[in-house]
Amino acid sequence: MGSERMEMRKRQMSVQHEAAPTGQAQTQGPSPRAGQAQTQGPSPRASNACCFCWCCCCSCSCLSTRNEDRDDRNRKVSYDVKEGTADCEECPKPTLEEVRLWGQSFDKLMCCPAGRNSFRQFLRTEFSEENMLFWLACEEFCQETNKSVIEEKARIIYEDYISILSPKEVSLDSRVREAINRGMQEPTSHTFDDAQLQIYTLMQRDSYPRYMNSPAYKNLLNTLSEQSPES
């Protein structure tokens, strides 16, 4: 009886001893997975960091591209009667006699630099200043003799005032526009002659009468009359 009890105790101890590694294995089992989880844990953050870096680089690249485009536009030569002449042509203050002559004919107005400046300011209020800018550009262009300069300035005038994509496009009929398109293949100093005449006529018939009746002209005339010794 005593031997049987001893035998049973030995078996129980043996079972407990075999069960201990199993429990230990179960306890230690999750550790590799936990370690694996820890190893895999930073992956999303690393992925996000990469995405963040990529987005930043992309934004910087886009910003750099926009800056370069802006610089290119700033470097583009605008042919609005020379950039160095500020807003309008440099000229002395008009006299009373000159201002009175402006009222006699459009030709006399356009022959006077001060008259062109005053008329140009009036056109600006009517959102048609591009007509005067185009006419002045053509006046200077037709005096050019250098072939390479003619080609370059012709391209600039076309892009600024003839192209339908330009915000300063002038109003020309189809005949004149087609003639310019043909002439742009080999531009000369007379490429825009017909267009210049058409815009001149448009200003003479449409804008000039309104300018003569505008407060701008009347106030200028009255001011000079009051300042004149004759008065």
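Me: Which residues of α6 meet which residues of α10?

Reply: First, the general idea: contact means heavy atoms within 4.5 Å. Helices are DSSP runs of H or I with at least four residues, strands are runs of E with at least two, and both are numbered from the N terminus. In this predicted model, S118, F119, F122 and L123 of α6 meet M203, S207, Y208, R210 and Y211 of α10. Sorted by class, that contact has six nonpolar, two polar and one charged residues. The classes work like this: Ala, Val, Leu, Ile, Met, Phe, Trp, Tyr, Cys and Pro count as nonpolar, Asp, Glu, Lys and Arg as charged, and the others, Gly among them, as polar.

Me: Before we go on, how should I read the numbering and the values?

Reply: Residues are numbered from 1 along each chain as its sequence is written, and side-chain values use heavy atoms, with hydrogens and water left out. As the model is predicted, local features need pLDDT of at least 70 and side-chain atom pairs count only at pLDDT 80 or more, while totals for chains, interfaces and linings use all residues.

Me: At what angle do α6 and α10 pack?

Reply: Axes are lines fitted to C-alpha atoms, for helices over the stretch in contact, and angles run from 0 to 180 degrees between N-to-C directions. Angles under 35 degrees count as roughly parallel, over 145 as roughly antiparallel, 65 to 115 as roughly perpendicular and the rest as oblique. Here the angle is about 90°, with the axes 10 Å apart. The pair α6 and α10 is therefore roughly perpendicular.

Me: And how do α9 and α10 cross?

Reply: Their axes come within 9 Å and cross at roughly 150°, so α9 and α10 are roughly antiparallel to each other. The crossing of α9 and α10 is left-handed. As for that word, a crossing is left-handed if the near helix is turned anticlockwise from the far one by less than a right angle, and right-handed if clockwise. In this pair, R175, V176 and I180 of α9 meet D194, A195 and Q198 of α10. By class, there are three nonpolar, one polar and two charged residues in the contact.

Me: How many helices and strands does the chain have?

Reply: There are eleven helices and zero strands.

Me: Is W135 buried or exposed?

Reply: Buried means under 20% relative accessible area, exposed over 50%, and partly exposed in between (1.4 Å probe, protein chains only). W135 has 10% relative accessibility, so W135 counts as buried. You will find W135 in helix α7. Leaving aside its neighbours within four places in sequence, W135 is in contact with M110, R116, Q196, Y200 and M203. Its C-alpha is 9.7 Å from that of Q198, although W135 and Q198 are 63 residues apart in sequence. For the chain, 28% of the 231 residues count as buried.

Me: Which residues have the most contacts inside the largest nonpolar core?

Reply: A nonpolar core is a set of buried Ala, Val, Leu, Ile, Met, Phe, Trp, Tyr and Cys residues joined through side-chain atoms within 4.5 Å. The largest one has 38 residues, and W102, F119, F134, F192 and M203 have the most contacts inside it. Helix α7 gives the most to this core, with eight residues. Take F119 as a case: setting aside neighbours within four places in sequence, F119 is in contact with F106, L109, M110, M132, M203, S207, Y208 and Y211.

Me: Where does F127 lie?

Reply: F127 lies in the loop between α6 and α7. Its relative accessibility is 75%, so F127 counts as exposed. Check its phi too: the value is near 60°, which is positive in a residue other than glycine.

Me: Is S189 buried or exposed?

Reply: S189 is buried, with a relative accessible area of 13%, and its place is in the loop between α9 and α10. Beyond its neighbours within four places in sequence, S189 is in contact with F141, C142, E144 and I150.

Me: What about R205, buried or exposed?

Reply: R205 is exposed, with a relative accessible area of 69%, and sits in helix α10.
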